[in-house]
Amino acid sequence: MGYKAKQKLNAGIVHIVLIIGAIGMLAPFLWMVLTAFKSKSQAISVDPFYFLPQGAWHFENFTEVWNSYNFLRLYINTLIMMALRVLSALLTATMCGYAFGRLEFPGKKALFSIVLLQMMVPSQIFIIPQYLMVSKMHLLNTQFALVFPGVVTAFGTYLFKQAFQSLPREMEEAAELDGCSVFQRFSLIMLPLTRSALVSLGIFTALFAYKDMMWPMIVASDPSKTTLSAALAKLQGQFGSNYPQIMAGALMAIIPMMVIYLIFQKQFIEGIATSGGKL
Amino acid sequence: MKKKLFPSPRAWKEAKAAYLFVAPTLIGLLILNFYPIISTFYLSFCKTGDFGLNNTFAGLVNYARLIRDPDIPQSLLNTFRYALVQVSFSISLSLVLAVLVNRKMRAVSVYRTIYFLPMICAPAAIAMVWRWMFNSDFGLLNKLLGTHISWTTNPNTAWLCVAVVGIWSSLGYNMVLLLGGLQDIPKDYYEAAAIDGASGIDAFFHVTIPLLSPTLFFIIQTGIIGALQLFDLPYMIIDESSRAMGTVKSVTYLFYQHSFMKGERGYGSAIVIFMMLVIALITWLIQRTEKRWVHYN
């Protein structure tokens, strides 16, 4: 066999392995979709085994779950929580990261150790006191409770400290000679240069908020005040063995994020890859 | 002579701006993270009254209970087993995937997009579909295999179910990081190895693995720390009342159960302090191995 033919055969084998893997990755999603459109009796029929929904596709699974769980509210709650956390995290982390990365001030090292401390301990250690604070303020089951632990970010601060440190000094020095204040140098000159870090932290913060289940379960037990992730836990408990409806609910919870991911996949993958396994 | 705190007006101006810039984050971290660490530590020495109210100082009561609680060694064992299996399988499989994908072909980004998909999904939704596939009577898995195994309720298989979902979920993430590491290895190294007569497998173990070791070390360490905090998957996949829960529940699950289902925040705090110490110890052990096998250039 010639060299070219051998290369082609190798590439073929590689593709076969990767395609089998890809089928394994997609199968659960496919099964979720197929189940969501079946009737309950089709989903649990033993003999015959229905792979595809038979007859009409059962869209009513979606409408029933949508109505009984007020999915519109869940989408709104989740979206507002994500948006507020992203805004707050970006605002505070860029400023703080700039100060730690670019400015000189007494106590810098000691203050930065607070940032490092937060990153080193497991996050579960914060949860009970955070819950008690929200509870004492009588703010359980509010949008505030959902956003609360995510208003500042140690990881984001660290990320931006690195991002600002890696930028060249010259531009900023020129701006200083031209009479720019610290704030102008930060907001007009340096910040626009950290675009990829902004995108990464934005995506990371949004995804973290969207995926987190324990916090909303604790502070927002009211099904109309909670997020998609936490509502799914309740949904599984309530609809029990009605698998088509459970799958319809799960599908509705992941579809919007999936669409955004498919559009911005490059930014998503880069953003998550820099998160250091915290997702 | 004592060094002046602010040698010039300019330095004072810069410091003033800096304090203003760090204030929001640091005040937030103090309230949301620093105070809670101290508070959790204090709570771990308290007895919690009815309805989770009226904490009274009780010394080492919670820690004495922790030492005697058979759930603690069991949940530690469950968590370690999960971490070991999940991290080792996920990283080996994703290493194979990364090596396969690391070549000139157009479909790379398609594969990457597909393998990465679970990372952007709510773990609750992922757990739900897997639980349905694992269903003993009507699940896809038993139908395809022609078996009737109670995957998620049998104590011997339930932990495997959770591990499989954990591996499946993390393949894409590890693959992306390893692929990045592979692409940083200069091609000359392989050419030099080939000239010396090294086979593909020799090159893999003597060129790829050593040069990839910083990336490998990073994903092993962060992977293990993440796996030690396992919660969502057992919570969603295994029934709370199932006897299989005993062999699956993680330390974080135990923490959640005591703190928020039973309202025993004092004991919950002791569990989470204990967990922090365990994670710190494991992290230290992992870092001690670093010098032996990780090569930084």
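# Close-up views of a predicted two-chain model

In chain B, helix H12 gives way to Gly263(B), a residue with a positive phi near 70°. The model shown in these views is predicted.

View 1. Helix H12(B) spans residues 251-261, and eight of its 11 residues are buried, so the helix is largely enclosed by the rest of the structure. The buried positions are Val251(B), Thr252(B), Tyr253(B), Leu254(B), Phe255(B), Tyr256(B), His258(B) and Ser259(B).

**View 2. Ser269 of chain B within helix H13.** Ser269(B) belongs to helix H13 of chain B, which covers residues 265-293. Is this residue buried or exposed? Ser269(B) counts as buried, because 28 C-beta neighbours fall inside 10 Å and the threshold for burial is 20 or more. When neighbours within four places in sequence are left aside, its contacts are Ile128(A), Thr40(B), Leu43(B) and Ser44(B). Asn33(B) is 236 residues from Ser269(B) along the chain, and 14 Å separate their C-alpha atoms.

**View 3. The contact between chains A and B.** Chain A contributes 73 residues to this contact and chain B contributes 71. On the side of chain A that touches chain B, helix H1(A), residues 3-36, provides the largest share, with 11 residues. By class, that side of chain A holds 59 nonpolar, 12 polar and two charged residues.

**View 4. The largest nonpolar core.** This core contains 162 residues. Which residues have the most contacts inside it? They are Leu232(A), Ala250(A) and Ala125(B). Helix H7 of chain B (residues 155-183) supplies the largest share of the core, 16 residues. Setting aside residues up to four places away in sequence, Ala125(B) touches Leu232(A), Ala250(A), Ala253(A) and Ile254(A).

**View 5. The two domains of chain A.** Domain 1 of chain A runs over residues 3-61 and domain 2 over residues 62-273. Their C-alpha centres are 34 Å apart.

View 6. In chain B, the assignment places domain 1 at residues 9-62 and domain 2 at residues 69-293. The centres of these domains, taken over C-alpha atoms, are separated by 32 Å. Domain 1 of chain B brings 11 residues to the contact and domain 2 of chain B brings nine. Helix H1 (9-43) and strand S1 (46-47) of chain B are the elements that give two or more residues to the domain 1 side. The largest share of that side, three residues, is from H1(B). Its residues comprise four nonpolar, six polar and one charged.

**View 7. Two asparagines with positive phi in chain A.** Asn70(A) is a residue other than glycine, yet its phi is positive, near 50°. This asparagine sits in the loop between H3 and helix H4 (71-102) of chain A. Asn70(A) is partly exposed, because 14 other C-beta atoms lie within 10 Å. Asn141(A), also not a glycine, has a positive phi of about 60°. The loop between H6 and H7 of chain A holds Asn141(A). With 17 C-beta neighbours inside 10 Å, Asn141(A) counts as partly exposed.

**View 8. Confidence along chain A.** The mean pLDDT of chain A is 93, and 100% of its residues reach 70 or more. Where in chain A is confidence lowest, and where is it highest? It is lowest in helix H9(A), residues 170-177, at a mean of 88. It is highest in helix H7(A), residues 143-147, at 98.

Terms used:
Residues are numbered from 1 along each chain as its sequence is written. Chains are lettered from A and ligands numbered from 1 in the order in which they are written. This is a predicted model: local features need pLDDT of at least 70, side-chain atom pairs count only at pLDDT 80 or more; totals for chains, interfaces and linings use all residues. Two residues are in contact if their C-beta atoms, placed from the backbone, lie within 7 Å. Helices (H or I, at least four residues) and strands (E, at least two) are DSSP runs, numbered from the N terminus. Ala, Val, Leu, Ile, Met, Phe, Trp, Tyr, Cys and Pro count as nonpolar, Asp, Glu, Lys and Arg as charged, and the others, Gly among them, as polar. A residue is buried if 20 or more other C-beta atoms lie within 10 Å of its own, exposed if 12 or fewer, and partly exposed in between; C-beta atoms are placed from the backbone. Domain bounds come from an automatic or database domain assignment. pLDDT is the predictor's confidence in each residue, from 0 to 100. A nonpolar core is a set of buried Ala, Val, Leu, Ile, Met, Phe, Trp, Tyr and Cys residues joined through C-beta atoms within 7 Å.
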